[in-house]
Amino acid sequence: MIAPVRVGQAVRLAEWAPGAPIELSEIPANSAKEFILPASETIGRYDRDGARFTMRETTPEGPRTVLLGVRPCEAAGLAIVDAVFNWDSRDEFYDARRAATTVVATACAQADADCFCTSVGGAPGATRGADVMLRLADGGRQFIVESLSARGEELLRSAHGVTEGEAAADPLADVPVRFSHERVTGWLAGQFDSPRWQEFSLACLGCAACAYLCPTCHCFDIQDESTRTAGVRYRNWDACGLGLFTQHTSGHNPRADQMARWRQRVMHKFSYYPEKFGMLACTGCGRCARMCPAGMAISDTCRAIDAEESSPG
Amino acid sequence: MSIAEARDEAPGVRTFRLTFTDEPARARFFGQYRVGMFGLYGLPGEGESTFCVASPPTRTEYIECTFRRAGRVTTALQDRGVGESITFRGPYGNSFPVDAWRGRNVLFVAGGIALPPVRSVIWNILDRRPEFGDVTIVYGARAVADLVYKHELADWQQRGDVRLVTTVDPGGETADWKGQVGFVPAVLEQAAPSAGNCVAVVCGPPVMIKFTLPVLSKLGFAAGDIYTTLENRMKCGLGKCGRCNVGSAYVCKDGPVFTLEQLHRLPSGDM
């Protein structure tokens with residue numbers, strides 16, 4: 001069971017130990033994607049002997065997992081990543097973990113200044129991607145439980161202490177709308193070469209912290225690690241913000257500078273992903289802004305784009 | 001896959017002829033393979049590299065790949081010899097719509113190490129020669145030594161049913177060089193193949209492509225009749241890892257073959 005728990009100073013989504021308090025007061029530093037798409041995952045094994053090698057069967061792992069007390073912006077992220085891992089061919093490694101995971105989301109009662117779910121089609125009480133929804137009620141003394149899928153139904157059947165009754169739902173977080181994602185997507189369609197990208201990206205250090213924390217960023221690398229007799233092939237998180245991501249062996253790099261990389265990040269989330277999969281690749285969780293060492297926020301870029309798109313002429 | 005033959009083509013450039021480890025693998029591959037598709041060639045412990053399949057689906061006992069020794073994986077691969085094995089995943093990606101070109105003339109324009117992806121189409125069309133009209137090949141490299149498939153160039157030169165124009169960049173010629181001297185776009189313009197009922201397949205370094213496309217337009221080729229294949233860096237080849245994205249396209253799934261008309265809709269600054 002994975003839940004938001006305090007680890008040192010931070011609240012993180014981590015394996016829950018019986019008795020540990022579940023922290024709903026702040027948004028966890030990490031996103032839940034690492035439990036479906038681990039930062040590093042074994043996708044192949046082999047034995048080596050000089051120039052000879054034998055590939056070993058590598059079975060995808062799908063440990064039975066409950067994500068408890070994750071926010072709607074987190075649950076929505078899983079629904080978004082599902083699309084890319086299941087269009088065309090299916091990703092067995094992703095799907096094995098995903099199929100074994102039940103998402104018990106909690107309606108969001110406390111947002112912060114970096115949150116913008118309501119600007120990207122979400123809401124503090126949204127149920128997208130959740131199997132079960134919990135809503136605090138009666139001043140935090142009870143939960144209202146709602147099952148949203150067969151998996152959620154199954155979980156609730158085995159739960160104790162769930163009764164029929166009346167309860168008054170507590171108020172949800174107030175997340176103001178910061179920009180119109182329709183106007184952002186509209187502007188992006190024609191502004192690949194806009195001079196404004198230079199300004200939007202100026203502070204970016206290319207550290208990729210935003211991508212690693214993002215619930216929808218899913219780009220990966222494949223790397224081998226081996227001794228003389230055996231080895232492992234890993235799938236590791238990667239990010240379009242890193243300079244080597246697209247660099248060819250020849251030295252040619254299609255995205256040669258940080259401007260091109262930041263543009264790719266914004267374009268992918270608000271233009272390319274909607275075009276390819278019919279949905280934004282952003283849930284407004286705000287982690288990228290909260291943790292950016294340079295103080296950047298994708299919502300600031302989106303607000304600037306919205307202002308530009310809305311301004312006459 | 002087992003290395004059945006290894007041939008040096010040019011400094012640092014080698015071709016492997018690879019045979020399948022078993023008949024089901026061979027049959028499965030050729031059940032799917034269409035010309036233009038690519039694969040990921042690798043070695044456990046080193047990694048994988050993406051190259052086109054440089055031989056056509058009309059030759060079904062083996063596949064060939066031609067690649068330059070450039071980084072860790074390509075160096076390790078070239079260090080493997082005949083009789084040794086490498087890994088292969090594929091075929092992946094889309095293909096050149098060769099069947100739709102039946103009855104049409106075909107022009108190939110290639111530069112340097114970019115002949116291999118075009119060579120599979122050339123072979124395929126020559127193996128089915130009566131189905132197509134005129135075949136013109138314009139191929140150039142920096143220097144004579146850098147031309148790949150030298151024996152095949154000689155064969156194509158001798159055929160009565162292929163027009164081959166070879167060129168090297170100024171200064172790259174040798175005393176006995178009988179081809180042209182000049183950059184591919186200029187030599188193409190001079191050769192002036194007719195655009196009438198013709199499709200063009202273009203592959204080369206970005207700078208060659210940049211200056212060749214305007215020449216093709218000038219010769220009268222429509223953007224929908226100009227084909228190329230993008231060689232983006234890839235990892236998965238399956239439309240997941242995000243590395244080859246250009247705009248909303250996954251080069252590994254929606255490509256690698258694109259018409260110029262399709263490329264016009266993608267952000268050129270990301271290629």
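**Close-up views of chain A**

**View 1. Pairing of strands β9 and β10 in chain A of the predicted model.** Strand β9(A) and strand β10 (residues 230–237) of chain A run antiparallel and are joined by seven bridges. Within this pair, Q223(A) lies opposite Y234(A) of β10(A).

**View 2. The open four-stranded sheet of chain A.** The strand order is β4-β3-β10-β9 (chain A), with antiparallel pairing. From one strand to the next, the twist averages 25°.

**View 3. Packing of helix α2 of chain A on the sheet.** Helix α2 (residues 92–99) of chain A touches β3 (40–49) and β10 of chain A. The direction of α2 makes about 130° with that of β3(A).

**View 4. Crossing of helices α4 and α9 of chain A.** Two packed helices are described by the angle between their axes and the distance between the axes. For helix α4 (residues 181–188) of chain A and helix α9 (residues 298–310) of chain A, the axes come within 8 Å and cross at roughly 75°. Because angles of 65 to 115 degrees count as roughly perpendicular, α4(A) and α9(A) are roughly perpendicular to each other.

**View 5. Residues at the contact of α4(A) with α9(A).** From α4(A), the residues R183(A), V184(A), G186(A), W187(A) and L188(A) take part. They meet C302(A), I305(A), D306(A), E308(A), E309(A) and S310(A) in α9(A). By class, this contact comprises five nonpolar, two polar and four charged residues.

Methods. Residues numbered from 1 in each chain as written. Chains lettered and ligands numbered in written order. Predicted model: local features only at pLDDT ≥ 70, side-chain atom pairs only at ≥ 80, totals over all residues. Heavy atoms only, no water. Axes fitted to C-alpha atoms, helices over the stretch in contact; angles between N-to-C directions. Helix = DSSP H or I, 4+ residues; strand = E, 2+ residues; numbered from the N terminus. Parallel < 35°, antiparallel > 145°, perpendicular 65-115°, else oblique. Contact = heavy atoms within 4.5 Å. Nonpolar A, V, L, I, M, F, W, Y, C, P; charged D, E, K, R; others polar. Pairing = 2+ DSSP bridges.
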